[in-house]
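Subject: Structure handover

Hello,

Here is the structure for your files. My notes on it follow below.

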Amino acid sequence: MCGFRPAGDEAGFSIQMYHNGEIRGNYYVNGSVDWFDYCDKDRMSITEIDAMVKELGHEGLINYWYNIPGDSFDGGLVKLSEDTDVLDMLVFVPDTRVINIFLEHVLACSQEQFYSQVGSNIFINLDDDFGTNTGVVLQELDDNYGAIVPVGGGVGKVQKVKETSVVIE
């Protein structure tokens, strides 16, 4: 994993890892951030990133996304799935010394049922026939989330977010 590297080392960089939050549009909300310093680009791999995530106490199905602070490429986040993605990410080192990685926790569900909302007592049995959709209701919610971190198009400022939810009736 990351550890001490001599000053001026061309292969050294830091990872700023965002976790315990959600990706909502171009923002990572309600999360925490931890740093992994003195990382070695010559030893970095998906296995190393997995070890960092486990060190933070996370398990289960997690998607990894990255961006380069201050970079203005379109698309904002790039998915990290395998070692070739890590190699693509590392072409920015040594021009940049910080890489942002965002964790997206994927809801795991069984084959038989899954819950439609956290804390809900409504479940859907996948063996049931759903029929046709009878309508969609759009409702605008005005929420101010705790920590909002822009993830695309460089650095922005924290702002109030409006969210639109879809309710199927």
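Helices (H or I, at least four residues) and strands (E, at least two) are taken as DSSP runs and numbered from the N terminus. On that basis the protein chain reads β-β-β-β-α-β-β-α-β-β-β-β-β-β along the sequence, which comes to two helices and 12 strands.

Two notes on provenance. This is a predicted model, in which local features need pLDDT of at least 70 and side-chain atom pairs count only at pLDDT 80 or more, while totals for chains, interfaces and linings use all residues. Residues are numbered from 1 along each chain as its sequence is written, and side-chain values use heavy atoms, with hydrogens and water left out.

Overall figures

The protein chain has 169 residues, and 31% of them are buried. Buried means under 20% relative accessible area, exposed means over 50%, and partly exposed is in between (1.4 Å probe, protein chains only). The accessible surface of the chain is about 10900 Å², with 50% of it belonging to carbon and sulfur atoms; the areas come from the Shrake-Rupley method with a 1.4 Å probe, and for residues only the protein chains shown count as cover. A contact means heavy atoms within 4.5 Å. Among contacts in the protein chain with a separation of 6 or more, 63% are between residues 24 or more positions apart.

The sheet

Two strands count as paired if DSSP finds at least two bridges between them. Five strands form an open sheet with mixed pairing, in the order β4-β1-β7-β5-β6. β4 and β6 (78–80) stand at the edges with a single partner strand each, so one side of each has no neighbour in the sheet. From one strand to the next, the twist averages 30 degrees.

Going across the sheet from β4, the pairs are as follows.

- β4 and β1 are antiparallel, with seven bridges; Gln16 has Trp35 in β4 as its bridge partner.
- β1 and β7 run parallel and are joined by five bridges; Met17 is partnered with Ile101 in β7.
- β7 and β5 are antiparallel over six bridges; Ile62 is opposite His105 in β7, and Trp65 has Phe102 in β7 as its bridge partner.
- β5 and β6 run antiparallel and are joined by three bridges; here Trp65 stands opposite Lys79 in β6.

Trp65 therefore has a bridge partner in β7 and a residue opposite it in β6, given how strand pairs are defined. As for cover, five of the six residues of β5 are buried.

Helix α1 packs on this sheet and touches β1, β4, β5, β6 and β7. Its direction makes about 110 degrees with that of β5; axes are lines fitted to C-alpha atoms, for helices over the stretch in contact, and angles run from 0 to 180 degrees between N-to-C directions.

The core

A nonpolar core is a set of buried Ala, Val, Leu, Ile, Met, Phe, Trp, Tyr and Cys residues joined through side-chain atoms within 4.5 Å. The largest one has 26 residues, and those touching the most other members are Ile15, Met17, Met44, Ile49, Leu80, Ile99 and Ile101. At least two residues of this core come from each of β1 (12–19), β4 (32–40), α1 (46–55), β5 (62–67), α2 (83–89) and β7 (98–105).

What does Ile101 touch, not counting residues up to four places away in sequence? The list is Ile15, Gln16, Met17, Tyr18, Ile49, Trp65, Tyr66 and Leu80. Of these, Met17 is also its bridge partner.

Thr84 lies in helix α2 and is partly exposed at 43% relative accessibility. Its C-alpha atom is 9.1 Å from that of Ile46, which is 38 residues away along the chain.

Salt bridges

A salt bridge is a side-chain nitrogen of Lys or Arg within 4 Å of a carboxyl oxygen of Asp or Glu. By this rule there are two.

- Glu22 and Arg24 meet at 3.2 Å, N to O. Glu22 is partly exposed at 39% relative accessibility, and Arg24 is partly exposed at 25%.
- Arg43 and Asp40 meet at 4.0 Å, N to O. Arg43 is exposed at 66% relative accessibility, whereas Asp40 is buried at 13%.

Regards
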